[in-house]
Amino acid sequence: MKVVAITSEKGGVGKSTLAVHLAGAAHAQGLTPLLVDEDGRVGSSLRWARRAGALPFEVVEADDVRPKKLARYDLLLLDTEGRPKRKELRQLAGRADLLLVPSGVSALELDATRELLDFLHEEGAARKTRVVLTRVPPVGHAAEEAREDLREAGLTVCNTVVRQYAAFQRAAEAGVLVRDVPGERSASAWSDVLRLAQELW
């Protein structure tokens, strides 16, 4: 079973949106994912799942993970606590096979991402860390510029970006995946997620 952790020290970068949709993409690819919401205070993934009960995969709290039952899953996705402490990040780097760090494309978001990646690299997690550019404007060259900037700093950045569509917000409000939201941009949003999943596993 592969363990993928999604974490960020910057709020508002779409961490839970990414976690929910990567679990959905894994399910669409024929995998059996388990999404673990480790943010006991906010619990965005759990709230999303409970809103309609329509997600095609299981979402649980960290306290509800039973090691004996993990064998039935192909993929364990961890939606980590928002702004985790460095001690928790150190532990996370040790137990995850892949660390995904979502980041927007603004200067402040990219600075926070660089700082987090510097720390993770110091912890020996450079080879299993990837930046995912999220909430990217659907038009313009912001993603290309941000990707080039991060890569010049020696960071590994996914080729696929997740563009900022209102369909993601509507999906969260409805408690479904973006593919199940009516609207012409829903298919584009879901396509971004599927391409990212294909790149990651």
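Arg50 is exposed, with a relative accessible area of 60%; exposed means over 50%, buried under 20%, and partly exposed in between, with a 1.4 Å probe and protein chains only. This is a predicted model, where local features need pLDDT of at least 70 and side-chain atom pairs count only at pLDDT 80 or more, while totals for chains, interfaces and linings use all residues. Residues are numbered from 1 along each chain as its sequence is written, and side-chain values use heavy atoms, leaving out hydrogens and water.

Arg50 pairs with Glu61 in a salt bridge, with 3.7 Å between the closest N and O atoms. The term means a side-chain nitrogen of Lys or Arg within 4 Å of a carboxyl oxygen of Asp or Glu. Glu61 sits in strand β3 and Arg50 in helix α2, 11 residues apart; helices (H or I, at least four residues) and strands (E, at least two) are DSSP runs, numbered from the N terminus. Glu61 is partly exposed, at 33%.

The structure holds 10 salt bridges. Another one joins Glu9 and Arg86 at 2.9 Å, linking the loop between β1 and α1 to helix α3 across 77 residues. Asp149 and Arg114 meet at 2.1 Å, N to O, which ties α5 to α4. Asp111 belongs to a salt-bridge network with those two, Arg114 and Asp149.
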